[in-house]
Amino acid sequence: MTSLSGLPAQPIQFHPPVSSLRWGVRAIGGRFNRARWASVGLTQALFFGLCWLSWNGRPLLSFDFAHQRVHLLGAIYGPQDLLLLAGLLMAGALALFLASALSGRVFCGFVCPQSVYTGVFLGVEQWVMGTPGQRRQRARSGQHLQSAARQALTWGLWGGMSLALGWTFTAYFSSGPDLARRTLAGAMGPVELGACLGYALFAFLQAGLLREKVCQHMCPYARFQGVMGNEHTQVVSYDQRRGEPRANVLRAPLSRLAGPAGQAAPAAPAAPAAQALPAAGACVDCGLCVQVCPAGIDIRQGAQYECISCGLCIDACDRVMLSARQPTGLIRFANSLGTGWRDTLAQARVRGHALALLLALLGVGWTVAQRVPLQLEVLRDRAVLSRPNRDGSVDNVYRLHLQNYDVRAHAFTVQLREAGPLQLLPTAPIDVPASGERSVAVTVRLPAAAAAEAQGASTPVLPLQLAVVAEQAPALQRQQATRFLLPR
Ligand code: SF4
Ligand code: SF4
């Protein structure tokens, strides 16, 4: 695969040859930066907010491993719903494939928690430590004590943020209000404490210290996402035909361009110089696209697997181009064929991924609609397989185990189905609380006349179905096949 510029794609490099990360990443304003922060706001609002919300008196989202229950949007799911989880995971994977076929690692740049947390941690670092230029200046002027104090403050804030992340993560295994109560009372269990501190340490290492190295060397998706795109995929690309030969004569005046994120760039000082160098390309070699890159790469070298498609280099370069009174888009989302989004969307693989995603979502929706929140397990009494009575009838005893995954309590009636001459001895309705379970023994009888007829049968077994039906909601029912054993 080649880049838009015609340069061949770069082989995997474990140490990017150009990196601006020693002094941190420079902040830049622009549409992609705004989109990134909107994604950060949305994902973090969901993460920090959902564990506090409830639905019909139950957590909106909670993973109750102790009772093998997942609470989601007012419904209760158990181990029997693993198929649903598989469907959701498949839909998520297909959405990732679709995004990769459309636009490379765009998921990494805007949604992946690693990018989101790294962005937040970098923002805090820049707020405390200053811009890369200020940090470099401080180092040159020997203000090491001040740098160390700022570094300690940064780490302290990162630690606090990591603990908040770890605590919130742990709250999803009970609920926010419940965990808050127990935290304030000093009654967090050892498992909860371990989960909280473990996740906090994980976040600190991943987002604070390792940052882009996670995306480059640890994430498996980074390794295989390249095969999901092709020459039609729109990836962040540098237009070499327009940009080269780059001319750094404008570096001095343009060094003023990278003001604080979101500020308007100064008026264009570059146009006269550009006219004086008619052979020069549009790139003024200011290096701003490299300084803002969270992956520490130079996109002008062609497509690189480290690029997470965050678009910050586009924001940076557009700002430079506007200041130089040049058309924007020297760096932009483009494919190596130079064709537009219509061509990308028309790809068979894009349509195939979209269709498969739609089918997976429909499958999940259908499974949810058809789901019966009740489990029934029928176990034979192993102590007495078959019990002959004095009147000639024969009894078999079964243990019914009911698990009610509904949010309401129910009384269940036991029924015998497809059982021929077999009869169910009177059994009281079984009361099962919401999200609870209960076991009861029931007896099935073969009357004396039928038992006498069955004597000497080649197969001393009769098939039957045992069913339980909710009295107030007949649609809530389950049945299970089992066997009635005759005495030998
Ligand atoms: S090259 Fe551009 S799009 Fe890619 S990671 Fe760096 S800043 Fe983001
Ligand atoms: S930001 Fe644009 S003009 Fe500046 S070095 Fe990068 S590509 Fe060239």
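At what angle do the axes of helix α1 and α4 cross, and within what distance do they come? I would like to start there, keeping in mind throughout that this is a predicted model. The axes of α1, which covers residues 31–50, and of α4 cross at roughly 105 degrees and come within 10 Å. Since angles of 65 to 115 degrees count as roughly perpendicular, the two helices α1 and α4 are therefore described as roughly perpendicular to each other. On the α1 side the contact is made by R36, S39, V40 and T43, and on the α4 side by V116, G119 and V120. Sorted by class, the contact of α1 with α4 has three nonpolar, three polar and one charged residues.

Let me stay with α4 and turn to its other partner in this talk, α6. Here the packing angle is about 150 degrees, and the axes of α4 and α6 lie 9 Å apart. Because an angle over 145 degrees counts as roughly antiparallel, that value makes α4 roughly antiparallel to α6. The crossing of α4 past α6 is right-handed. From α4 the contact draws on F121, V124, E125, V128 and M129, while α6 supplies R150, L153, T154, L157 and W158. By class, the residues of this contact of α4 with α6 divide into seven nonpolar, one polar and two charged.

Now to the nonpolar core. The largest one has 54 residues, and the members that touch the most others are C289, V292, C313, A316, C317 and I331. The largest share, seven residues, comes from α15. If we take C289 as an example and leave aside residues up to four places away in sequence, then C289 touches I299, C313, A316, C317 and I331. Apart from this core lies another, of 16 residues, including Y398, L400, A470 and F484. As general background, nonpolar side chains tend to be buried together in soluble globular proteins.

I will finish with one alanine. Along the chain A452 and S393 are 59 residues apart, yet their C-alpha atoms are separated by 8.4 Å.

How values were computed: Residues numbered from 1 in each chain as written. Chains lettered and ligands numbered in written order. Predicted model: local features only at pLDDT ≥ 70, side-chain atom pairs only at ≥ 80, totals over all residues. Core = buried A, V, L, I, M, F, W, Y, C linked by C-beta atoms within 7 Å. Buried ≥ 20, exposed ≤ 12 C-beta atoms within 10 Å, placed from the backbone. Helix = DSSP H or I, 4+ residues; strand = E, 2+ residues; numbered from the N terminus. Contact = placed C-beta atoms within 7 Å. Axes fitted to C-alpha atoms, helices over the stretch in contact; angles between N-to-C directions. Parallel < 35°, antiparallel > 145°, perpendicular 65-115°, else oblique. Left-handed = near helix turned anticlockwise from the far one by under 90°. Nonpolar A, V, L, I, M, F, W, Y, C, P; charged D, E, K, R; others polar.
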